[in-house]
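Let's work through some of the words used to describe a protein model.

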Amino acid sequence: MLSKTLCVLGGTGFVGHHLVSQLTRAGYYVVVPSRNRERHRSLQVLPKVEVVDANIFDDDSLDALFVGCHAVVNLVAILNENKRGDFNRVHVELVEKITNDCRRSGVTRLLHMSALNADADKGGSRYLRSKGAGEKVAHAAEDLNVTSFRPSLIFGEDDHFFNRFAGLLRKLPIVPLTCPESRMAPVYVGDVVEVMTKALNDKATYGQAYELCGPDIVTLKQVVGYTNRLTGLRRAVIPLGNGMSALMGRMLQWLPYKPFSYDNYLSLQTPAVCNGPFPGRFGVTPKAIDSVVPKYIGRADIRGRYDTMRRRAARDKDPLGGG
Ligand SMILES: NC(=O)c1ccc[n+]([C@@H]2O[C@H](COP(=O)([O-])OP(=O)(O)OC[C@H]3O[C@@H](n4cnc5c(N)ncnc54)[C@H](OP(=O)(O)O)[C@@H]3O)[C@@H](O)[C@H]2O)c1
C-alpha cells in the first residue's frame with residue numbers, strides 16, 4: 001500500500017522534528033520545505049522524509065508542494081520581528097496563501113498550529129494578536145477541514161524553553177529574570193504531536209480548536225529555579241520587577257539574537273494556562289515537567305540523582321520541588 005503524503009510547513013523546527021518523526025512512525029511519507037535544507041540533516045536521514053528547499057511565500061512553490069498531499073500541517077511562526085510587518089506576513093498572510101493554495105491543489109485537510117491566548121481582537125502582544133488573526137483565517141476557509149491547536153509553552157528535548165534557561169545559567173554568573181511571576185502550564189512536545197497525529201484522520205476534530213496544557217502550573221521563577229538545580233550550577237537569579245522587565249524588553253530587543261523583546265514581555269502578562277482540562281478525545285495523559293526534563297537537562301551523576309529525589313519529596317509545595 002502506498003503511504004499517504006503530508007506536507008509539514010515549519011517541519012524543520014523544534015515541534016516539527018518531533019511531529020515529522022511521529023508521522024513517519026504512523027506510516028506517512030512527509031515532505032518538509034525549508035529555507036535551507038542543508039541545516040536539517042538530522043531530518044533528512046529519517047526514512048520517508050523529504051526535506052526540500054522552497055520559498056513557501058511563493059504560490060507556485062506552495063502549489064507544487066501541495067499537489068497530491070493528503071493533508072497540510074502549518075507550524076511556521078516567529079517569536080520576534082526583524083522588521084515591522086513580519087508577524088503579519090508570517091502568521092496571517094502566509095495562512096491566507098496556504099488556504100488558497102490548498103484549495104487550488106485539491107487538499108482538503110489542514111492542521112494549523114496557533115498558540116494559547118492567541119487573540120486577534122485583544123491589545124497587547126502583537127505576536128499573540130497576529131497568531132489569533134492567522135487562526136481566524138484558517139478557520140474561515142469553509143471548504144477546508146481545519147483543526148487548530150493552542151498550546152501553552154512546549155517543552156521537550158531541543159526545546160527553546162528549558163534549554164534556553166540552562167544556556168543562560170551556564171553563560172552568566174548572575175541571571176536577571178524578567179517577568180518572574182508569569183504563570184504557565186508547559187505541555188510536553190510528545191503529547192502535542194500525539195494529539196496532532198491522532199487528529200489528522202478524526203472527522204470530529206474538523207472545525208475545532210484545542211487548548212493544550214500540561215498538568216503543572218508554574219511561574220517563570222519556579223522554572224528557572226528548577227533548571228538551576230537540575231544543572232547543578234546554582235547561579236544567583238535576580239527576579240526583576242514589572243517596570244524593569246518592560247525596560248529590559250525594550251533594550252534587549254535591539255540585540256541581534258533578541259534574547260527578550262518588549263513584545264515577549266507583553267505576551268507574558270497573560271497567564272498561559274488553559275481554560276479547561278486536556279482534551280479527553282485523544283486518550284493522552286499529559287506528562288509532568290519533572291517526568292521528562294531531567295532526561296535532557298542536568299547531570300546524570302549521583303549528586304544529580306540525589307537532587308531529583310529531594311525535588312520529588314518537596315513537590316507538595318511546588319510541582320518543581322522548589323520548596
Ligand atoms: N515552542 C513553543 O513553546 C510553542 C508554544 C506555543 C505555540 N507554538 C507554535 O508551534 C509552532 C512551532 O513552533 P516551534 O517552537 O517548533 O518553532 P521553530 O522551532 O522556531 O520552527 C519554526 C519553523 O518555521 C520555519 N520558519 C520560520 N520563519 C520562517 C520564515 N520567515 N519563512 C519561512 N519559514 C520560516 C522554520 O523553517 P526553516 O528555517 O527550515 O525555513 C522553522 O522550521 C509555531 O506555530 C509556534 O507559534 C510553539
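Q: What makes a residue "buried" here?
A: A residue counts as buried if 20 or more other C-beta atoms lie within 10 Å of its own, as exposed if 12 or fewer do, and as partly exposed in between. Keep in mind that this is a predicted model. In helix H7, the buried residues are Val 189, Asp 191, Val 192, Val 193, Val 195, Met 196, Thr 197 and Ala 199.

Q: Why is H7 called largely enclosed by the rest of the structure?
A: Because 8 of its 11 residues are buried. Those buried residues pack against H1, S5, S6, S7, S10 and S11.

Q: Why is Ala 64 called partly exposed?
A: Ala 64, which lies in helix H3, has 15 other C-beta atoms within 10 Å. Buried needs 20 or more and exposed needs 12 or fewer, so with 15 Ala 64 falls in between and is partly exposed.

Q: What makes Lys 48 stand out by its phi?
A: The phi of Lys 48 is near 70 degrees, a positive value in a residue other than glycine. Most residues other than glycine have a negative phi. You will find Lys 48 in the loop between helix H2 and strand S3. With 14 other C-beta atoms within 10 Å, Lys 48 is partly exposed.

Q: Where is Lys 258, and what is its phi?
A: Lys 258 sits in the loop between helices H9 and H10. Its phi is near 40 degrees, again positive in a residue other than glycine. Lys 258 has 16 other C-beta atoms within 10 Å, so it is partly exposed.

Q: How do you know which strands stand at the edges of the sheet?
A: Look at the strand order, S3-S2-S1-S4-S5-S6-S11, in an open sheet of 7 strands with parallel pairing. S3 (49-53) and S11 (209-212) each have a single partner strand, so one side of each is left without a neighbour in the sheet. The twist averages 20 degrees from one strand to the next.

Q: How do you know that S2 and S3 are paired?
A: Two strands pair if there are at least two bridges between them. S2 (residues 29-34) is joined to S3 by 5 bridges, so the pair qualifies. These two strands run parallel, and Val 32 stands opposite Val 51 in S3.

Q: Which strands does helix H5 touch as it packs on the sheet?
A: H5 (residues 126-140) touches S5, S6 and S11, and its direction makes about 160 degrees with that of S6. Helix H7 (residues 189-199) also packs on the sheet, touching S5, S6 and S11, at about 170 degrees to S6.

Q: Why are H4 and H5 described as roughly parallel to each other?
A: They pack at an angle of about 5 degrees, with their axes 8 Å apart. Angles under 35 degrees count as roughly parallel, and therefore H4 and H5 get that description. Among the residues making the contact are Phe 87 and Val 95 of H4 and Tyr 127 and Val 137 of H5. The contact residues divide into 7 nonpolar, 5 polar and 3 charged.

Q: What makes up the shell around the ligand, by class?
A: The shell has 14 nonpolar, 6 polar and 1 charged residues. Of the 21 residues around the ligand, Gly 10, Thr 12, Gly 13, Ser 34 and Ala 77 come nearest. Helix H1 (residues 14-25) gives the largest share, 3 residues.

Technical notes: Residues are numbered from 1 along each chain as its sequence is written. This is a predicted model: local features need pLDDT of at least 70, side-chain atom pairs count only at pLDDT 80 or more; totals for chains, interfaces and linings use all residues. Helices (H or I, at least four residues) and strands (E, at least two) are DSSP runs, numbered from the N terminus. Axes are lines fitted to C-alpha atoms, for helices over the stretch in contact, and angles run from 0 to 180 degrees between N-to-C directions. Two residues are in contact if their C-beta atoms, placed from the backbone, lie within 7 Å. Angles under 35 degrees count as roughly parallel, over 145 as roughly antiparallel, 65 to 115 as roughly perpendicular and the rest as oblique. Ala, Val, Leu, Ile, Met, Phe, Trp, Tyr, Cys and Pro count as nonpolar, Asp, Glu, Lys and Arg as charged, and the others, Gly among them, as polar. A residue is near a molecule or strand if its C-beta atom, placed from the backbone, lies within 6 Å of it.
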